[in-house]
Amino acid sequence: MFLQRLLQFVGWPITAGVIIALLALLLFPQLRGNQQPPQGANNNLNIGVVSYADAVNRAAPAVVNVYTEKRVVQRNQNLSNNPFFRHLYNNSNIPQQERMQKTLGSGVIVDDAGLILTNNHVINGADRISVLLYDGRYTNAELIGIDKANDLAVLKIQIDNISAITLGNSDNIRVGDVVLAIGNPFGVGQSVSQGIVSATGRWNLGINSAENFIQTDAAINPGNSGGALIDAHGNLIGINTAMLDETGASFGISFAVPVDKAMNSLKQIVEFGGVRRGWLGIGVTQPTLEFAQNLGAEGLLVSEIERDSPAAKAGFQINDYITHIDNVPLLNEHSVAKSLINIQPNAEITFRIIRDGKALEIKAIAAFPPTKT
């Protein structure tokens with residue numbers, strides 16, 4: 001009897017506690033541990049990229065160090081730099097000394113045949129070009145050709161078992177996308193810096209004559225030039241080219257040539273020995289906002305037509321208002337350059353214009369640029 005009463009006395013509090021706990025869990029679901037999110041809720045709150053190691057491992061074997069040597073001749077005279085004696089030395093037969101000036105940069109293997117993209121300023125004037133591969137092998141490289149307008153150069157190496165990078169699509173990148181810059185900064189060895197796409201279509205920077213850069217805050221320092229700008233999956237989206245700073249250190253504004261433009265240059269260099277660009281002989285200017293609003297369309301005014309040019313033969317007139325090139329709407333002078341940059345000689349281009357208030361269509365056939373005399 002005593003034992004029965006004892007169990008009743010102990011059992012009621014336990015039972016009551018269990019009931020209270022069940023009610024609390026029903027009324028306050030957040031008290032449940034390791035619960036599954038309800039159907040339809042955002043299941044990705046704790047899922048995200050926490051490391052870019054896979055992207056780096058995928059791309060890094062295709063990024064190489066580029067070393068160049070250039071013969072430099074100088075007079076072997078300690079006082080030759082003294083202004084007082086310089087005119088004497090410059091007109092004398094002082095013995096000259098030859099030395100090798102070395103520079104460094106980076107490059108990217110873009111196909112299994114050993115073709116490498118780098119910057120023209122990395123190899124410009126070099127008498128010898130060498131490449132250090134990711135696996136430590138060292139080999140000479142042959143210069144296939146350059147694209148001075150885009151500051152690009154194509155090299156070729158003859159070596160087995162190389163890793164070509166996977167090409168991405170620079171047309172699909174967005175401001176805010178994560179990017180990684182791989183190269184050989186300051187000659188310390190292959191390094192990776194991380195940032196985002198800060199802007200696309202940057203131009204009018206005075207870096208080269210065919211500007212359409214990807215801007216990034218990923219650090220691009222001396223030695224990174226010619227290296228790879230990759231996306232978060234390890235795909236090549238650009239060739240690192242320049243930084244906006246005169247001190248020689250990156251401060252968060254760097255530029256890369258988009259991969260689609262770089263590969264177009266490479267294909268033409270391999271096929272033709274150089275980059276062929278179509279010429280129209282037309283100049284344009286931005287109209288006033290009032291002018292564009294009156295016509296109800298964005299566009300550019302024709303301000304210059306070269307004599308005997310494709311534009312002149314097609315019938316263009318000064319003050320024609322161009323609204324589209326091959327169905328691509330024009331917003332500024334850069335959009336003209338972007339639309340025409342890859343047009344080949346003998347290609348037909350369709351322009352939509354407004355002349356004296358009337359919509360017209362003009363077709364022009366691009367030619368080779370005239371030879372400068």
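**View 1. Six strands close into a barrel, running in the order β8-β9-β10-β13-β12-β11 with antiparallel pairing.** Neighbouring strands of this sheet are turned against each other by 45 degrees on average, direction ignored; axes here are lines fitted to C-alpha atoms, for helices over the stretch in contact, and angles run from 0 to 180 degrees between N-to-C directions. Helix α5 packs on the sheet and touches β12 and β13, its direction making about 50 degrees with that of β13. Contact means heavy atoms within 4.5 Å. Helices (H or I, at least four residues) and strands (E, at least two) are DSSP runs numbered from the N terminus, and two strands count as paired if DSSP finds at least two bridges between them.

A quick word on the model: it's predicted, so local features need pLDDT of at least 70 and side-chain atom pairs count only at pLDDT 80 or more, while totals for chains, interfaces and linings use all residues. Residues are numbered from 1 along each chain as its sequence is written, and side-chain values use heavy atoms, with hydrogens and water left out.

**View 2. Strand β13 (residues 254-258) with its partners β10 and β12.** Five of the five residues of β13 are buried, so the strand is largely enclosed by the rest of the structure. Buried means under 20% relative accessible area, exposed means over 50%, and partly exposed is in between (1.4 Å probe, protein chains only). Strand β10 (residues 213-216) pairs with β13 in the antiparallel sense over three bridges, and Ile214 has Ala256 of β13 as its bridge partner. Strand β12 (residues 236-243) pairs with β13 over five bridges, also antiparallel; there, Ile239 stands opposite Val257.

**View 3. The β8-β9 pair of the barrel.** Strand β8 (residues 178-183) and strand β9 (residues 191-202) are antiparallel and share six bridges. Look for Val178, which stands opposite Ile196 in β9. Strands of a sheet pair through backbone hydrogen bonds, either parallel or antiparallel.

**View 4. A salt bridge between Asp147 and Arg277.** Their closest N and O atoms sit 2.9 Å apart. The pair links distant parts of the chain: Asp147 belongs to strand β6 (residues 142-147), Arg277 to the loop between α5 (259-272) and β14 (282-285), and the two are 130 residues apart. Both Asp147 and Arg277 are buried. For the cut-off, a salt bridge is a side-chain nitrogen of Lys or Arg within 4 Å of a carboxyl oxygen of Asp or Glu; the structure holds five of them.

**View 5. Two further salt bridges, Arg137 with Asp135 and Lys363 with Glu361.** For Arg137 and Asp135, the closest N and O atoms are 2.9 Å apart, and Arg137 is partly exposed at 26% relative accessibility. For Lys363 and Glu361 the closest N and O atoms are 3.8 Å apart. Lys363 counts as partly exposed at 42% relative accessibility, whereas Glu361 is exposed, with a relative accessible area of 53%.

**View 6. Asp127 in the loop between α4 (120-123) and β4 (128-132).** Asp127 is partly exposed, at 45% relative accessibility. Leaving aside neighbours within four places in sequence, Asp127 is in contact with Glu69, Lys70 and Arg71. Thr68 lies 59 residues from Asp127 in sequence, yet their C-alpha atoms are 7.3 Å apart in space.
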